[in-house]
Each structure stands twice: as structure tokens, then as C-alpha cells.
Amino acid sequence: MYIINIKEIQDMATDNNVQSIDRALDIIEVLSDENEGLGVTEIAARIGLHKSTAHRIITTMANRGYISKTEKGTYKIGLKLIECVSCYINSLELQTEARPYVARIVSELGLTSHLGVLDGTEVVYIEKMDVYSNIRLYSQIGLHVHAYSSSLGKCLLANYSAEEVRARMSGCSFIKFTDKTIGSVEELIEDLTRVRTRGWAADDEESESGHRCIGAPIYDYRGDIIAAISASGPTTVLTNEKMPAVAEFVKQQAMEISKSMGYAE
């Protein structure tokens, strides 16, 4: 049994448990250098903690998957922490790899280009370049848009089965932005079938009247869709006649990015 001493209670009371966060980070830093892991006693000694305090923090972190217990009874960095860091690194890598292709869409097609990833029922832009300037518009990076009415979102949702799409979109209200906007999950599923067949998606005045967008999926080394890239502009520029050629060009850029992320056709 571990006994809580008075100093621990005072420490926790004086700073609203911020010290607990510091200590958890200390534990992560100590374990990051130990492939074989460390026991509670050694962790506590390394960072100057009472063993009972170390045990409570370690137990909480282990319950969340940020550290894991080995068969020897020691602790090491957990899969949850690795997953979180990997997602961030992959996002940075994706932006770096995709940026030249985003720029190519802008320069060769004369259209605005976006790079986006799925966030629940929405798409978040992680890169944008505009036809009027080579400077990325940071006001748009980080913007969330509805997945069901955007070409990027349709590309990303095409990664899922009909049942998974229904579950993911169960709380979506399907707001009609124009008379062409998809109005139900079943209509969306039908459209996603077309996306999978032709390898690209369209927002044909579904988000905004007079505006079109063509998107294509980006795959990782496992063949999963992890992002999408698009070309967009007014219907006076992105005309019906130009859509097939634009779609093919965007698909080519998406495939080049996919290959750089380890995807093999």
C-alpha cells in the first residue's frame, strides 16, 4: 500500500495539479531514453518523486495508453503517444510533399488549390494556394468545411463503406447551401460510389452557386485515403468542357503525392 504524504497534498493544492502535468512529462522524457523500460521505483528516483506519487501518475498514463507495462513489470512509451506524434509528423510530411503539386495546379490550371484532411464530418484545409498569388493564404489554412458538399470531403469519405459513412454522418444536418447540395446520407453514399469508380469527386455548385471544385484522393502506403487535393474556380473558368481535363490533371497530382507517401499502384 502506498501512503500519500502531506507535501504531496500541499503541492497538488497550491498549483491546481499543474505539477502533475509537469511530472507526467518528466516521466515521458525519462522513458524516451529507455528502450527496455523502467520500474516505478527507478522512475520515481530519476525525477525526484515519492514512489506513491509516481505510481498514481504512471497508472493514469498507462490507462490512457501513453505508457505501457512490459512483461517484466517495467514501463515504456505507449502506443497512444507514438500514434499522436506520428499523426503530427505525417501531417507535416504530407504538407511538405504536397506543396509543389498544389503550386502546380495553380500555375498550370489557373485555379485555386486546396489540400485537406477529414475531421469528423468536416474537412480541414492544411494547405491552400490561390490563383491570384503564390503566397499561401493562412486565413484559409485551418478552415473547416462540410465534407458532404465539398469535393475534398467526398474523396475522403470514399475511403469508408456505406455503413461507416452512415455512422460517421449520423449527426449531420445536411444543410442545403444551393439547390444542388446533397440533402441526405443515402444521396451522399450514391455519389461516393461514383467517386470510387472514376477516381475523383466534384463539388458542382453544391457549396456555392457559380463555383466548382474537382478533388482527387491521396493514398498512404497501406492504400488508405489520408487526404485529398483539389482545383476550384468559378463556373465561367471551370466550365463543363474543361472538367474532364482538370479532373485528370488533379488525379495525376494526387497520385504523385501518394507515391511520395509510399503508395504503390
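Me: How do you know that C155 is too far from the closest cysteine sulfur for a bond?
Reply: A disulfide needs two cysteine sulfur atoms within 2.5 Å. The sulfur of C155 is 8.7 Å from the closest one, in C213, so it is too far for a bond. By this rule there are zero disulfides. This is a predicted model; local features need pLDDT of at least 70, side-chain atom pairs count only at pLDDT 80 or more, and totals for chains, interfaces and linings use all residues. Residues are numbered from 1 along each chain as its sequence is written, and side-chain values use heavy atoms, leaving out hydrogens and water.

Me: Why is C172 called buried?
Reply: Buried means under 20% relative accessible area (exposed is over 50%, partly exposed in between; 1.4 Å probe, protein chains only). C172 has 18% relative accessibility, so it counts as buried. C155 is buried too, at 0%.

Me: What makes a nonpolar core, and which residues touch the most other members of the largest one?
Reply: A nonpolar core is a set of buried Ala, Val, Leu, Ile, Met, Phe, Trp, Tyr and Cys residues joined through side-chain atoms within 4.5 Å. The largest has 29 residues; L94, L115, I214, I218, I229 and I257 touch the most other members. Apart from it lies another core of 22 residues, including C155 and A201.

Me: Which residues is I214 in contact with?
Reply: Contact means heavy atoms within 4.5 Å. Leaving aside neighbours within four places in sequence, I214 is in contact with residues including W200, A201, I229 and V250.
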